[in-house]
Amino acid sequence: MPPPADPWTDRARDVLSRYAESLRRDVAAKLVRPRTPIPADELAERCVAALTNPPVIDRRIKEQPDAARKLLALVGLSRRPTWKVGHLVTLLASLGHPEGLAPVMALLQAGLLYPDLPPEGRGYTAFESWLGSVGVLQASVFAHPAVAGRARGVDLGLLDLASGGRQPPVDVTNRGLTPPPRHADGLDWPLRLAVAWQQVDQSPVRLTQTNTLFKRDLTRLQTDAVLSAPAADQLVEIADAGVLALFWARAVGLLAGEDNELRAAPFPPAWGDALAPALADLWAGLTAVEMWDPLRGYTPGETGTSSAPTAGLLALLLLASGGRQPPVGV
């Protein structure tokens, strides 16, 4: 019985088949390292087979520059295979790597990263021509989850926030100077996203030609008593919580875009299981929310790339590195 189809393997195969033969051979030479020439019609299959070969991938990751290894680690830890190039460059700069596009190009050339191409379109003879035609701020790339997962153990060099670089005062917790830890049950945001799904199921949300909300729907989200209610364990007010719930629901697949409308979609399989898989879905989807900012709330029509995906991922990874339990999926 043949193994089940893997959508990420199929996507990688499709992209490879649209590379010009010369580019495909260059990638195969770095990824597969063939001892004998590979026939042209076998290049894509040999490459995708290598993507799910852990020993091969481990060796190829170790051969990459430090910034490229960290880039793959960030993708793996995010549990979101597809990222905008601009976001990845920003993340690396935040980690002290100002090399710009060089790490992205190194991984593309090594076959560890792939352009996120539309379903149909022309092929490419060079990665530079693809970036030039799409634009650095809008171009997206993806890493096969089997590849990104092998890079999760790469040291990102994050600061240790456990003590803030200082020794804690003696018996500080016993003197009441540090508040006791607060633990959430993890249900608040799944319930809010379910409410957003229910509202959209009753009345689809219209989007403008620029993919932003109309005033009517924005007001509905901002004034909804359930979506905008503070959480029981909330430490600070969340700006436009209803807008966040809507776009977060879209990012995790609860809502689907169709003809400039957001409509309710079937719940993903993980939501019918225990809580942890659903939270893992939320963790991966959070970094895909672009039109919401933690401080300013709804931010339509912004040029460039939103800071929420990069700042959000780094903040949670910093908390995970500070001696606390990592977020689900990290």
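I take buried to mean under 20% relative accessible area, exposed over 50%, and partly exposed in between. The model I examined is a predicted one.

**Entry 1: aromatic pairs.** I searched the whole structure and found seven aromatic pairs. I looked up Trp-189 and Trp-248, whose ring centres lie 5.4 Å apart with planes at 45 degrees, so I record the pair as tilted. Trp-189 belongs to helix H10 (residues 188-202) and Trp-248 to helix H12, so that this pair links distant parts of the chain, 59 residues apart. Trp-189 is buried at 17% relative accessibility, and Trp-248 is buried at 8%.

I then looked up Phe-267 and Trp-271, which have ring centres 5.7 Å apart and planes at 70 degrees; the pair is therefore edge-to-face. Phe-267 has 35% relative accessibility and so counts as partly exposed, whereas Trp-271 is buried at 18%. I also noted one aromatic cluster formed by Trp-8, Tyr-114 and Phe-142.

**Entry 2: helices H12 and H13.** I found that the axes of H12 (residues 241-251) and H13 (residues 275-286) come within 9 Å and cross at roughly 105 degrees. The two helices are therefore roughly perpendicular to each other. From H12, Leu-244, Trp-248 and Ala-251 meet Leu-282, Gly-285 and Leu-286 of H13. I classed this contact as five nonpolar residues, one polar and no charged.

**Entry 3: nonpolar cores.** In the largest nonpolar core, of 59 residues, I found that Leu-31, Leu-112, Tyr-114 and Trp-130 touch the most other members. Helix H5 (residues 66-78) gives this core its largest share, seven residues. A second, separate core has 30 residues, including Leu-213, Trp-248, Val-252 and Tyr-298.

Definitions and conventions
Residues are numbered from 1 along each chain as its sequence is written. This is a predicted model: local features need pLDDT of at least 70, side-chain atom pairs count only at pLDDT 80 or more; totals for chains, interfaces and linings use all residues. Side-chain values use heavy atoms; hydrogens and water are left out. Axes are lines fitted to C-alpha atoms, for helices over the stretch in contact, and angles run from 0 to 180 degrees between N-to-C directions. Helices (H or I, at least four residues) and strands (E, at least two) are DSSP runs, numbered from the N terminus. Angles under 35 degrees count as roughly parallel, over 145 as roughly antiparallel, 65 to 115 as roughly perpendicular and the rest as oblique. Contact means heavy atoms within 4.5 Å. Ala, Val, Leu, Ile, Met, Phe, Trp, Tyr, Cys and Pro count as nonpolar, Asp, Glu, Lys and Arg as charged, and the others, Gly among them, as polar. A nonpolar core is a set of buried Ala, Val, Leu, Ile, Met, Phe, Trp, Tyr and Cys residues joined through side-chain atoms within 4.5 Å. Buried means under 20% relative accessible area, exposed over 50%, partly exposed in between (1.4 Å probe, protein chains only). Rings of Phe, Tyr and Trp (its six-membered ring) pair if their centres lie within 6.5 Å; planes under 30 degrees apart count as stacked, over 60 as edge-to-face and the rest as tilted.
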